[in-house]
Amino acid sequence: MKTIHSLISSLVLVAAASMAATAHAQVAGLGRVDLLKEDIVVPGKELVQVRVDFAPGVKAPRHSHPGEEIAYVLEGTLEYQIDGQPPVTLKAGQTLFIPAGAVHSAHNVGSGESKELATYIVEKSKPLVTLAK
């Protein structure tokens, strides 16, 4: 029974990760590389880390996450728009905290490719990315 439960849990995690990657992959020039997914000591939470690659001029669709995000710009220049706040432009080496559930987007406003390291502390049972309506 434990083997079946483990198999089902694994399939659910793969499906959730696939849906999250699909949400970003639907935009041409926007790529996502999953780097790390680990349980943390807070029950029901996990740490997820991904690299998001933006071609010049590409804007991610408005979306939210079921937990906090720390965005660190690895390369280029990204403009972040969190609903209800003024836009913030970050260059390589700068960071931004995005609160849990905040609808936001990022736009590559530089002339070359931009890359972001996104670190999330999120609820394990929910999709990582939910597109805004």
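Predicted model: local features only at pLDDT ≥ 70, side-chain atom pairs only at ≥ 80, totals over all residues.
Visitor: What is the protein built from, going by helices and strands?

Guide: One helix and 10 strands. Starting at the N terminus, the elements go α-β-β-β-β-β-β-β-β-β-β. As for burial, 32% of the 133 residues count as buried.

Visitor: Which strands make up the open sheet, and in what order?

Guide: There are five strands in that open sheet, ordered E1-E2-E9-E4-E7, with antiparallel pairing. Strand E1 (30–39) and E7 are the edge strands, since each of them pairs on one side only. On average, neighbouring strands in this sheet are turned by 20 degrees against each other, ignoring direction.

Visitor: How do you know that E2 and E9 pair?

Guide: Two strands count as a pair if there are at least two bridges between them. E2 and E9 are joined by 10 bridges, so they pass that test, and they run antiparallel. You can look at one spot yourself: lysine 45 stands opposite glutamate 123 in E9.

Visitor: What joins E4 to strand E7?

Guide: Four bridges, with the two strands running antiparallel. Strand E7 covers residues 95–98, and its isoleucine 98 stands opposite glutamate 69.

Visitor: Why is E9 called largely enclosed?

Guide: Count its residues: eight of the 10 in E9 are buried, so the strand is largely enclosed by the rest of the structure.

Visitor: Why is phenylalanine 54 called buried?

Guide: Buried means under 20% relative accessible area. Phenylalanine 54 comes out at 2%, so it counts as buried. You will find this residue in strand E2 (residues 45–54). Phenylalanine 54 also sits 6.7 Å from glycine 31, C-alpha to C-alpha, although the two are 23 residues apart in sequence.

Visitor: Where is asparagine 108, and why does it count as buried?

Guide: Asparagine 108 belongs to strand E8 (residues 104–108). Its relative accessibility is 1%, which is under the 20% limit, so it is buried.

Visitor: What makes the approach of asparagine 108 to serine 114 a polar contact?

Guide: The distance limit for a polar contact is 3.5 Å between N or O atoms. The side chains of asparagine 108 and serine 114 are 3.0 Å apart in their contact, so the pair is within that limit.

Visitor: What does the side chain of histidine 65 reach?

Guide: The backbone oxygen of leucine 128, at 2.7 Å. The side chain of histidine 65 also makes a polar contact with that of histidine 63, at 3.3 Å. A polar contact has to be within 3.5 Å, so the histidine pair qualifies on distance.

Visitor: How many cavities of 30 Å³ or more does the structure hold?

Guide: Two. The second largest cavity has a volume of about 30 Å³.

Visitor: Which residues line the second largest cavity?

Guide: Tyr80, Gln81, Ile82, Gln85, Pro86, Val88 and Leu96. Strand E5 (residues 77–82) gives the most to this lining, with three residues.

Visitor: How many residues of that lining are nonpolar, polar or charged?

Guide: Five are nonpolar, two are polar and none is charged. Tyr and Pro both count as nonpolar here, and both types are found in the lining, as Tyr80 and Pro86.

Conventions. Residues numbered from 1 in each chain as written. Heavy atoms only, no water. 1 Å grid on protein atoms, 1.4 Å probe; cavity = no way out; pocket = protein on both sides within 12 Å on 5 of 7 lines; lining within 4 Å. Points joined across faces, edges and corners; volume = space filled by probe spheres on them. Axes fitted to C-alpha atoms, helices over the stretch in contact; angles between N-to-C directions. Buried < 20%, exposed > 50% of the residue type's maximum accessible area, 1.4 Å probe, protein only. Polar contact = N/O pair within 3.5 Å; in protein donor to acceptor, adjacent residues only side chain to side chain.
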